[in-house]
Amino acid sequence: MPTQSNGSHPTIVTFANVNKFYGTFQALSNISLSVTVGEVVVLIGASGSGKSTLIRCVNGLETYQDGSLTVDGHSMPTTEDLEASGAKALHQIRRGVGMVFQQFNLFPHKTVLENVTLAPIRVRGKSREDAEANGMRLLDRVGLANQAQKYPGQLSGGQQQRVAIARSLAMEPHVMLFDEPTSALDPELVGEVLDVMRELRNEGMTMMIVTHEMAFAREVANRVIYMDRGAIVEVGQPEQIFDEPTNERTRTFLSRVLKH
Ligand code: ADP
Ligand code: MG
């Protein structure tokens, strides 16, 4: 369950002074950030600035060395905690968090519908009938009900990514993470994936999104976070970040990416 913070917005993800190292390299530096229920947070920044590492911590794909991270009411284990307790606790937490990657990672030898029903049946213990009914509803929601019996290889990249989103939604997540979901797509297929994400936002889904689609970020984000060298350099509403960035590094980054 989300925890109540001050004010009326319940907080669902809270980083407090999180530091993360890969060996001696510091990938996250003193990250503090709260995401409220229904909020859309977009992370921007140069390659290697720590965006993927930050969102991967939210579903436990990465652990951190110090500070604290609470997700959907669960305290995420630090690297040390995890070594002590084993990975078991993570499964419970990951259930509440969906993630969509640049590469769609669908099972090539399973149909679209099977891709969407597999985890609910195996992990959640749903009946095939229920999982398929829900799966068809989700495929319809991403505009792919008529592709249910095809195999991923028979679909375009944009369609495959929409299946990946439906598959994630089938686990009924409370938070959705997107790591450059359109970066592997041909330009003409980007829009259909962004449309699905837009709809999710309108339905109130809490989302953390890493993207280079700046127009989309400006449109959907409640807050934009600019990262550099593992740190959050600037946070603000999209109009503020894009039109009046206060930090010199944000300004330099945006002038570079918005030129194209
Ligand atoms: P971004 O997503 O912003 O491009 P990442 O979070 O992927 O950045 O990476 C941040 C930094 O951490 C980079 O310098 C990257 O090389 C390093 N890094 C990422 N993953 C690993 C890893 N598994 N081992 C060592 N270094 C890593
Ligand atoms: Mg990345």
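Guide: Gladly! A polar contact here is a pair of N or O atoms within 3.5 Å; within protein, one must be able to donate a hydrogen and the other to accept it, and residues adjacent in sequence count only if both atoms are side-chain atoms. This is a predicted model, where local features need pLDDT of at least 70, side-chain atom pairs count only at pLDDT 80 or more, and totals for chains, interfaces and linings use all residues. Residues are numbered from 1 along each chain as its sequence is written, chains are lettered from A and ligands numbered from 1 in the order in which they are written, and side-chain values use heavy atoms, leaving out hydrogens and water.

Visitor: Which residue has an N or O side-chain atom 2.7 Å from an oxygen atom of ligand 1?

Guide: A polar backbone atom of Gly50 lies 3.0 Å from a ligand 1 oxygen. For the side chain of Ser52, the distance from an N or O atom to a ligand oxygen is 2.8 Å. The 2.7 Å pair belongs to Lys51.

Visitor: Which element gives the most residues to the shell around ligand 1?

Guide: A residue is near the ligand if one of its heavy atoms lies within 4 Å of it, and among those around ligand 1 are Tyr22, Phe25 and Thr53. Helices (H or I, at least four residues) and strands (E, at least two) are DSSP runs, numbered from the N terminus. Strand S3 (25–36) and helix H1 (51–58) each give two or more residues. With three residues, the top contributor is H1.

Visitor: Why does the radius of gyration agree with a compact globule?

Guide: The radius is taken over C-alpha atoms, and the globule rule is 2.2 Å times the number of residues to the power 0.38. For 260 residues the rule gives a value near 18 Å, so the chain agrees with it at 18 Å.

Visitor: How many helices and strands does the protein chain have?

Guide: The C-alpha atoms fill a box of roughly 50 × 50 × 40 Å, taken along the principal axes. Within the chain, the count is ten helices and eleven strands.
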